[in-house]
Amino acid sequence: MSCTRSYRFVASYLPESHPVYYNPISGYRDWPLVSLEEAVKDLASFVPGVESYAAYAKEHCIQNTPLSRNESAAIYLYTKEKLFFENLNKALRLEYGAALQAWFPFLKLFMTALQKLPLCRTTLWRGVAGINITNSNFMENSFHIWWSVNSCTLDLNVASVFADLMGTLFCIDAIYGRDITHPKISQGKHVMLSYTSINQNIVSKIVNIFNKENTPVWFDSNGDTKTDMYDSLAEGVENAAAVCCFLTSDYEQSLNCQSELQYAQKRQKPIIPCMLTSATTWKPSDWLEEITRGLVFVDFHDVPESNIDNKVMELIDQIEDRIAKKQNQRMQSIEEPSYLFELIKWDYKQNSRIERLMNPAESFSIEESYINLAIVDSKELQGKEKKLRDANQHETIMGTFEDIYGVKTPINVKDIFNTCKEAGKKVLVFGRAGIGKSTFCRYVSHQWAKSALWLEYNLVVLISLRSLTENRYPPLSSGKSYSLVDIVAKECFSHDLSEEDKSLLRQQLNKRTVLWLLDGYDEIVQNVPSHLQRVFEQLLNTPHHIVTSRPYFNTLSRSVRVEIVGFTDENISKYVEVYFNQLHDKFLNGLFEGQKVLKFLRLNPRVWGIAHIPVNLELICSIWSETDWSETTNLTMTTLYENMTLWLCRRYLARKSTSIQISKMEVYEKCHPELIFLETLAFEGMTSNTIILRKELLQKVMHHIGCLSDVYSDALHIGILKSFDNGPTGNQIQLEKHHYFVHLSFQEFFAARHLVRLLNSTTRDIGIQFIETHKYEKRLQLVFIFASGLLIQSENKQSVHRFWDTIFGDPHDLVGIRHMQLVTVCFDETQCDCAVPHRSQSISLLLNWISKIQNLPEVQIELASLLKTEAEQHKLHIATFIGKLNITDPHNQLLESLLLQLEYNDANIRATVCYPLGEMGQKAATSQVIDRLVVALDDQKEQNLFGPIRALPSLSDIYITAINSLGTL
């Protein structure tokens with residue numbers, strides 16, 4: 001026999017006090033409950049091969065139900081094997097106990113199973129073929145017992161098929177029927193409801209009806225407003241028999257709902273979409289349309305209160321139908337649960353906004369803030385340099401500086417692995433301070449989570465290496481060490497993982513293809529706690545990874561190295577435009593304000609130069625409206641950070657309801673304790689070579705300067721220092737946490753302020769010793785740059801002399817390169833101020849080095865780039881400076897840049913560039929140079945060039961030739 005939905009054990013009406021199982025079969029109750037194999041072992045004579053039937057039943061029966069495996073298999077055996085149920089019913093109809101005894105062990109197991117199933121009180125249909133009861137004793141109010149297990153159905157049409165034309169249809173009001181279709185929702189499973197919080201009212205009503213129908217349901221009362229998706233994915237989706245999604249346009253926009261439904265699809269859960277809005281006004285699109293395409297929708301839109309029960313019953317029917325179809329389908333292979341990976345992916349998507357460095361309350365989409373940070377292949381640069389060096393000077397000029405060295409053809413982020421030749425993909429990404437290395441890591445992890453990048457990786461793990469501290473990872477008991485699983489569990493999840501989850505994570509990290517983003521190698525490499533050294537090396541030895549670092553501390557050997565070189569000129573324009581458009585509430589015309597900023601930047605080459613570093617450009621934009629820069633022509637890094645510090649202090653005082661209509665000195669005076677604390681902490685951190693400032697260091701500084709906890713708390717509110725876990729500030733427990741400056745460059749700036757304070761005080765020897773000990777360390781170069789910039793503003797000239805005397809004093813590096821670099825960058829930060837001690841010595845040193853390196857291609861290319869400035873006075877100075885150099889082997893790029901100036905509108909500039917061309921001698925006499933001069937001299941206005949030409953003996957013949965050429969044309 002067969003049926004489609006349910007089976008009937010007892011037919012006809014029977015009073016509750018009159019059980020059907022009495023003699024002759026009541027003896028089965030006395031038999032012990034045994035396994036299915038044991039229960040059928042004596043039935044081989046009735047059902048040949050019954051042992052194999054039993055084994056098959058145990059293998060294929062439904063599990064995870066209220067029944068034991070043997071009980072579930074007993075029902076499966078009866079319903080699936082025709083020979084078995086025919087012989088059982090034949091024996092039952094004999095109504096003879098002795099003939100049934102061999103069946104008692106099975107009946108004990110079978111009946112025990114049935115008793116565990118819920119009663120089926122409903123109308124059932126049974127079709128009996130070939131029997132017409134018109135003339136039988138089936139009369140009204142008559143009493144009958146059917147001594148067999150009778151299969152019934154809820155569907156009249158199905159029963160009619162069994163009755164055929166000559167048979168009989170029985171309509172049965174069942175009281176003790178048992179529904180032995182395997183439960184639609186197995187034990188431990190549920191129907192998950194995925195919805196947005198705005199629809200909580202109707203979803204709650206649906207949940208109540210589900211509960212009345214004994215349908216297990218899972219839903220989060222917070223809807224899509226939850227801040228942790230663990231329960232939704234690990235419990236809600238993983239243990240779902242089906243998932244109902246309640247669709248609106250808000251649902252489609254919800255990241256949480258998207259994560260739930262996409263994971264349900266990945267886990268091949270039956271999905272039943274329910275419409276809560278009119279299909280004529282809105283339809284699913286994008287990701288939601290892809291998932292729900294072809295599915296039957298249950299329409300809950302405008303369902304009246306009186307009809308909601310019926311609509312929910314329709315939904316339950318749909319759920320059961322989808323579950324049944326799924327069970328009958330040949331399933332595709334389903335991967336192991338990957339909700340842990342999905343949680344990491346969800347976090348990357350959620351973490352999609354970049355906080356403004358100086359005002360964390362303001363944040364912008366990472367898509368807008370990234371603005372195509374340019375990544376250039378170091379090998380390509382080296383190749384172009386070689387090509388330039390090897391090029392014949394008389395060959396065609398290769399192009400402008402931008403063509404060769406500008407960021408015109410950067411590597412696309414998605415392509416940085418293309419040059420990896422090994423099976424593993426290992427890339428080292430360089431970038432100086434503030435260039436955007438951490439933003440790069442956040443961007444690519446976000447893009448991967450959106451399936452827009454590197455789909456070949458099952459997981460991308462972003463680890464901030466600065467997190468590998470002793471306080472965060474205290475030493476374990478003897479013989480134990482941290483593993484990669486421990487690092488991922490700590491850094492990628494907001495809650496502690498269970499041992500079961502850790503085991504699952506370990507398996508998947510071993511099986512799947514994982515890309516590791518290891519951010520901030522330079523911040524940790526010299527300060528790795530000894531007990532973390534092993535796991536640190538494991539991270540660096542992962543087969544697929546990207547490591548970011550400042551250029552120094554380059555001890556890693558990677559076949560592929562790329563460099564984040566910061567914003568291109570186009571990036572700067574786009575960034576400023578987007579930045580001020582987003583501040584429409586502050587500026588009436590954001591576009592106009594952005595254009596003012598760009599004009600200011602372009603007219604000030606030095607400012608334009610430092611604006612290519614993203615963090616600097618953000619600082620410039622942040623304080624634009626607070627600072628009058630109309631007279632500024634040479635904004636230095638020091639001035640920029642000084643202005644930013646002043647702005648932050650004013651904001652801090654305003655929040656304390658303190659008047660900010662005061663001078664700069666008064667602002668610093670009011671913030672004096674907080675600034676002293678920050679400066680000392682920054683200096684101690686740089687001295688200790690640590691960026692993560694541990695609580696011990698914090699307390700040491702507080703004790704050293706006599707700082708009370710309220711001063712420390714106030715210092716946090718300035719916005720430069722943050723607690724490690726980004727928790728709320730202003731309470732005593734913060735002292736137990738690690739801290740860090742919002743950007744390493746701020747720690748370097750405040751350390752420089754402390755160094756200057758030392759040089760100005762009676763503790764000057766400490767400052768002098770610091771300079772002597774560390775002046776050639778690349779990691780501290782920015783500290784010394786800031787210090788030189790701060791000191792030139794100081795009224796204490798003795799401190800200025802102390803600094804420069806120590807820079808030029810012993811010890812010196814043996815080769816002299818480091819000394820030259822240090823003097824150059826510090827001298828540059830002072831803008832070559834006349835008050836700089838050793839100024840003549842510095843210039844002589846620079847000129848001496850320039851005389852040695854002036855014919856190097858890299859130097860000449862840099863000179864060519866300097867000629868790009870829009871400031872005419874700067875062009876004149878640069879051209880004059882080039883003319884004073886003894887360049888005997890001019891580079892094509894320098895020649896091209898000089899010749900471009902001949903097209904400039906200003907006659908003085910056109911005349912001035914002739915001097916360096918003349919001084920370069922015959923090496924500059926290429927056919928391209930002559931052709932360009934012919935064009936320039938063709939303009940009668942250029943006759944004033946003839947005087948300068950006579951003063952250039954080495955090129956005079958060339959110019960005469962050019963003029964003669966004009967006469968013959």
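Guide: In this predicted model, the protein chain has 45 helices and 19 strands. Of its 969 residues, 52% are buried. The chain exposes about 45,600 Å², and carbon and sulfur atoms supply 50% of that area. Consider next the contacts between residues at least 6 apart in sequence: 75% of them join residues at least 24 apart.

The part to examine closely is helix α34, which spans residues 781-792. Let us take its contact with helix α32, residues 744-759. The axes of these two helices are 8 Å apart, and the helices pack at an angle of about 55 degrees. Angles from 35 to 65 degrees fall between roughly parallel and roughly perpendicular, and α32 and α34 are therefore oblique to each other. Their crossing is right-handed.

Which residues meet there? On the side of α32, they are S745, E748, F749, A751, A752, R753, L755, V756 and L759. On the side of α34, they are L782, V783, F784, F786, A787, L790 and L791. Sorted by class, this contact has 13 nonpolar residues, one polar residue and two charged residues.

Helix α34 also meets helix α27, which covers residues 637-655. Here the axes come within 8 Å and cross at roughly 80 degrees. An angle of 65 to 115 degrees counts as roughly perpendicular, and α27 and α34 are therefore roughly perpendicular to each other. From α27, the residues in contact are M637, T638, Y641 and E642. From α34, they are L782, I785, F786, G789 and L790. The residues of this contact divide into six nonpolar, two polar and one charged.

The two lists may now be read side by side. L782, F786 and L790 of α34 meet residues of α32, and L782, F786 and L790 also meet residues of α27. V783, F784, A787 and L791 are among the residues of α34 that meet α32, while I785 and G789 are among those that meet α27.

Helix α38, residues 857-866, and helix α40, residues 892-901, pack at an angle of about 20 degrees, with their axes 8 Å apart. Since an angle under 35 degrees counts as roughly parallel, α38 is roughly parallel to α40. The crossing of α38 with α40 is left-handed. The contact is made by Q860, I861, L863 and A864 of α38 together with Q893, L894 and S897 of α40. By class, this contact has four nonpolar residues, three polar residues and no charged residues.

We may now turn to single residues. D765 belongs to helix α33, residues 764-774. Its relative accessible area is 56%, and D765 is therefore exposed, as the limit for that class is over 50%. The C-alpha atoms of D765 and R802 are separated by 9.8 Å, and the two residues are 37 apart along the chain. N310, found in helix α13 (residues 308-328), is likewise exposed, with a relative accessible area of 52%. Its C-alpha atom and that of I209, 101 residues apart along the chain, are separated by 9.9 Å.

Some residues in loops also deserve attention. P543 lies in the loop between α22 (533-540) and β16 (544-549). At 48% relative accessibility, P543 counts as partly exposed. Not counting residues up to four places away in sequence, P543 touches G424, K425 and K426. The C-alpha atoms of P543 and E422 are separated by 9.7 Å, although these residues are 121 apart along the chain.

Finally, there are details of the backbone. A cis peptide bond joins D810 and P811, with omega at about -5 degrees. P811 is found in the loop between α35 (797-808) and α36 (817-829). N689 has a phi near 60 degrees, a positive value in a residue other than glycine. The place of N689 is in the loop between α29 (672-687) and α30 (695-705). At 17% relative accessibility, N689 counts as buried, the limit being under 20%. Q268 also has a positive phi near 60 degrees, and Q268 is found in the loop between α11 (255-266) and β8 (271-275).

Methods
Residues numbered from 1 in each chain as written. Predicted model: local features only at pLDDT ≥ 70, side-chain atom pairs only at ≥ 80, totals over all residues. Heavy atoms only, no water. Axes fitted to C-alpha atoms, helices over the stretch in contact; angles between N-to-C directions. Helix = DSSP H or I, 4+ residues; strand = E, 2+ residues; numbered from the N terminus. Parallel < 35°, antiparallel > 145°, perpendicular 65-115°, else oblique. Contact = heavy atoms within 4.5 Å. Nonpolar A, V, L, I, M, F, W, Y, C, P; charged D, E, K, R; others polar. Buried < 20%, exposed > 50% of the residue type's maximum accessible area, 1.4 Å probe, protein only. Areas by Shrake-Rupley, 256 points an atom, 1.4 Å probe, with all protein chains shown as cover. Left-handed = near helix turned anticlockwise from the far one by under 90°.
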